[in-house]
Amino acid sequence: MAMLLIKNIGILATAEGNEPLRGSAQHAGVKLIPDCAVLVNGDTIQRICPNAEAPECENVLDAGGKLVTSGLIDAHTHLIFGGWRQHEVPLKLRGAGYLEILQAGGGILNTLTATRKATEDELYERAEAVLSEMLDHGITAVEAKSGYGLDVENELKQLRVIRRLKEEGGYNVIPTFMAAHAVPPEYKGDPDGYIEFVCREILPRVADDELCEFVDVFCETGVFDVEQSRKMLTYGQAYGFKAKIHADEIDAIGGSVLAGEMGATSAEHLIAADDKGIASMAKGGVIACLLPGTSLYLNKDFAPARKMISAGVPVAICTDFNPGSCPSCDLQLCMNLGYLKYRMTPEEVLAAVTINAACAVGRGETLGTVEPGKQADLVIWNAPDLDYLVYRMGSNLAEKVIRKGNIVK
Ligand code: NIG
Ligand code: FE
């Protein structure tokens with residue numbers, strides 16, 4: 001196994017352990033270790049030691065006194081889609097709401113048409129280009145949802161693309177089945193009928209081919225209500241998949257309460273989350289995946305992150321990359337927004353895109369911290385410290401990226 005020594009690290013900023021950080025630990029659990037070195041054995045971190053005690057090694061990467069962290073993890077994206085939706089922006093700026101555009105056949109349904117038309121290879125190439133951009137920005141693992149096919153053939157097509165990105169492309173992509181993303185034209189006005197179809201016709205095929213790890217549902221006014229969402233996630237859990245839920249993005253109709261009740265791994269968006277929902281998430285051990293890029297892009301409020309942290313809900317920050325509500329895969333920008341708009345500390349922000357995001361994708365054991373035994377996913381930042389990383393905005397500060405022990409940038 002090839003060894004790699006990363007020496008002259010100015011500050012190593014990392015959480016510890018395999019569990020999400022919550023409450024005051026989301027800040028206090030992030031350690032700032034000065035003047036150290038990390039020894040990598042193959043794809044695994046072997047040792048962290050003071051720089052002065054670093055062993056001899058043939059392969060050396062000099063961090064030049066800069067900041068090093070674990071690779072960033074984007075725990076919420078809609079990575080696989082055809083087309084873009086730039087033509088909807090003027091409509092939005094004239095005042096059309098997100099759900100209004102969707103109900104008029106635009107939004108997700110617009111992307112549905114383009115995604116159904118696209119071949120598997122076309123979807124692969126587009127997604128590969130995005131993943132390569134993300135890697136260049138220090139993102140070494142990415143969750144990716146289906147949800148723009150909304151029929152058997154096209155949902156499976158999206159999920160097969162995700163599998164290929166992992167197997168052929170070598171990307172660390174975690175697949176989520178989200179056929180319950182919108183009601184397709186074939187079931188217009190019949191969300192119950194569509195959920196029944198998804199549970200009975202699509203989900204078993206996804207399970208047969210082992211194409212996902214998580215099941216997600218868009219629980220929102222005018223999309224799927226709490227009972228339809230409960231049914232979707234219950235079926236998913238019966239097949240052994242873990243639950244995620246798009247909840248309280250626009251209205252608090254009970255999605256975050258449901259997340260807590262069902263022991264979902266994560267609830268996403270949560271802009272409108274109320275005290276009841278936050279308490280339920282805290283009780284159920286649900287990770288809040290917050291999406292500040294979407295708040296920015298939809299000109300909405302920012303989710304009440306401080307309330308969630310005070311209530312003991314672990315917070316992750318993700319991009320929500322998709323062609324409508326957030327056409328940006330820039331997790332560094334989301335970190336800036338987490339700092340400025342959620343008013344999270346730099347340490348809390350780092351936990352939100354490393355250990356908490358790792359746990360939100362079921363990878364707390366292997367990813368999310370720089371510790372012996374964890375996968376060697378690391379970033380050397382063009383930054384002297386963590387404060388600087390969340391303070392600078394609009395520049396890609398990832399200088400060197402190491403994934404599974406390989407220097408990929
Ligand atoms: O998470 N809210 C629902 N789904 C996506 C948006 C998808 C789209 O607009 O294409 C989201 O923001
Ligand atoms: Fe989303």
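**Entry 1: the model.** I began by checking what kind of model this is, and it is a predicted one.

**Entry 2: the iron ion.** Which residues hold the iron ion (ligand 2)? I found four protein donors: His-76, His-78 and His-246, each through NE2, and Asp-320 through OD. Next I looked at how the donor residues are spaced in sequence, and the pattern reads H-x1-H-x167-H-x73-D. His-246 sits in strand S10 (residues 242-247), while Asp-320 is in the loop between strand S13 (315-317) and helix H13 (331-340), so this pair ties together parts that are 74 residues apart in sequence.

**Entry 3: helices H9 and H10.** I then turned to helix H9 (residues 255-262) and helix H10 (residues 275-284), whose axes come within 7 Å. How do they cross? The angle is roughly 15 degrees, and the two helices are therefore roughly parallel to each other. I noted the crossing as left-handed.

**Entry 4: who meets whom.** On the H9 side I listed Ser-256, Val-257, Gly-260 and Glu-261. They meet Lys-276, Gly-277, Ser-280, Met-281 and Gly-284 in H10. Sorted by class, this contact has two nonpolar, five polar and two charged residues.

Technical notes:
Residues numbered from 1 in each chain as written. Chains lettered and ligands numbered in written order. Predicted model: local features only at pLDDT ≥ 70, side-chain atom pairs only at ≥ 80, totals over all residues. Heavy atoms only, no water. Donors = N, O, S within 2.8 Å, 3.2 Å for Na, K, Ca; no water. Helix = DSSP H or I, 4+ residues; strand = E, 2+ residues; numbered from the N terminus. Axes fitted to C-alpha atoms, helices over the stretch in contact; angles between N-to-C directions. Parallel < 35°, antiparallel > 145°, perpendicular 65-115°, else oblique. Left-handed = near helix turned anticlockwise from the far one by under 90°. Contact = heavy atoms within 4.5 Å. Nonpolar A, V, L, I, M, F, W, Y, C, P; charged D, E, K, R; others polar.
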